[in-house]
Every structure is written in C-alpha cells, then in structure tokens.
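I opened this entry to record what I looked up, point by point. The coordinates come first, then my notes.

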Amino acid sequence: MATHGPRYSKEEFEKRGDAIYEAKVRPHLKKKDHGKFVAIDIETGDYEIAARELAACDRLEARIPDAQIWLMRIGSPYLYHFGAGKARAKP
C-alpha cells in the first residue's frame with residue numbers, strides 16, 4: 001500500500017509553492033479573489049481557489065489524489081490572524 005504524505009522539506013514546499021503562486025496564480029487573480037484560499041500542488045503547478053481552505057484542498061485532491069499541497073490566503077502573508085490585531089483608539 002502506498003503511503004500518502006509530504007515528500008519534501010518545509011523549505012522546499014515554501015520555495016516551490018511561492019514560485020508557482022507568483023508565476024501561475026497571481027497573474028490570473030481578480031479583485032473578488034482577495035481573502036480566498038489557494039491550494040497549489042507543488043509538483044504539477046495545478047491549483048484551486050475557494051472561500052474555504054478545505055474546499056480548495058478537496059477540489060485539488062479530487063483531481064490529483066496525492067497532491068503535495070501548499071496553501072495560501074490571497075492578499076495576505078498569513079493563513080489566519082490570531083489576537084486582536086491593530087489596537088483601536090479609545091473614544
């Protein structure tokens with residue numbers, strides 16, 4: 001039985017994922033895509049965009065069952081933000 005899982009180091013995932021995002025994904029993005037998630041297979045360069053991260057991953061895995069997925073949020077350097085963020089001035 002074949003095992004599924006990562007075949008690359010974290011550094012290689014990041015390098016490949018970022019390169020594919022810049023070359024293949026970013027040029028095709030529209031304003032409405034801001035804040036959505038993109039799941040990228042770092043081996044084939046195929047990708048899926050969806051409002052929910054699991055939807056993007058599920059659609060990509062439906063086409064490529066053993067995809068090596070790099071996940072990003074469009075327009076943000078982070079997948080999620082924790083905490084209050086920017087402090088507001090008191091009235």
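My notes follow, from the whole chain down to single residues.

**Overall fold.** I am working with a predicted model. I looked up the secondary structure and found two helices and three strands. Read from the N terminus, the order is α-β-β-α-β. The chain has 91 residues, and 27% of them are buried. I then checked the contacts between residues at least 6 apart in sequence: 46% of these join residues at least 24 apart. The accessible surface is about 6800 Å², and carbon and sulfur atoms account for 56% of it.

**Helix H2.** Which residues of H2 are buried? I listed Ala55, Ala56, Cys57 and Leu60 for this helix, which spans residues 53–63. Next I asked what they pack against. The buried residues of H2 pack against E1, E2 (47–50) and E3 (69–73).

**Asp41.** I placed Asp41 in strand E1, residues 37–41. Asp41 is buried and has no salt bridge. Which side chain of opposite charge is nearest to Asp41? It is Arg7, 6.0 Å away. A salt bridge needs nitrogen and oxygen within 4 Å. I did find a polar contact for Asp41: its side chain joins that of Thr44 at 2.8 Å. Beyond four places in sequence, Asp41 contacts Ile20, Asp46, Leu60, Ile64, Ala67 and Gln68. Leu60 is also on my list of buried residues in H2.

**Salt bridges.** How many salt bridges does the whole structure hold? My search gave eight. I took Arg7 next, and it meets Glu43 in a salt bridge at 2.6 Å, N to O. Arg7 lies in the segment before helix H1 (10–25) and Glu43 in the loop between E1 and E2, so the pair ties together parts 36 residues apart in sequence. Both partners are partly exposed: Arg7 has a relative accessible area of 41%, and Glu43 has 36%.

Asp46 came up again here, in a salt bridge with Arg63 at 3.6 Å between the closest N and O atoms. Asp46 sits in the loop between E1 and E2 and Arg63 in helix H2, so this pair ties together parts 17 residues apart in sequence. Asp46 is partly exposed at 28%. Arg63 is partly exposed at 44%. I also noted a network of salt bridges that links Asp46, Glu48, Arg59 and Arg63.

Another bridge joins Lys36 and Asp33 at 3.9 Å, N to O. Is Asp33 buried or exposed? Asp33 counts as buried, with 8% relative accessibility. Lys36 is partly exposed, at 25%.

**Aromatic rings.** I searched the whole structure and found one aromatic pair. Tyr8 and Phe13 form this pair, edge-to-face, with 6.1 Å from centre to centre and 85 degrees between the planes. Phe13 counts as buried at 11%. Tyr8 is partly exposed at 24%.

**Leu79.** My last stop was Leu79, in the segment after E3. Leu79 is partly exposed, with a relative accessible area of 30%. Leaving aside neighbours within four places in sequence, I found Leu79 in contact with Phe37, Leu71, Met72 and Arg73. I also checked Leu79 against Gly35, 44 residues apart along the chain. Their C-alpha atoms are separated by 9.3 Å.

How values were computed. Residues numbered from 1 in each chain as written. Predicted model: local features only at pLDDT ≥ 70, side-chain atom pairs only at ≥ 80, totals over all residues. Heavy atoms only, no water. Helix = DSSP H or I, 4+ residues; strand = E, 2+ residues; numbered from the N terminus. Buried < 20%, exposed > 50% of the residue type's maximum accessible area, 1.4 Å probe, protein only. Lys, Arg positive; Asp, Glu negative; His and termini not counted. Polar contact = N/O pair within 3.5 Å; in protein donor to acceptor, adjacent residues only side chain to side chain. Contact = heavy atoms within 4.5 Å. Phe/Tyr/Trp six-rings, centres within 6.5 Å; stacked < 30°, edge-to-face > 60°. Areas by Shrake-Rupley, 256 points an atom, 1.4 Å probe, with all protein chains shown as cover.
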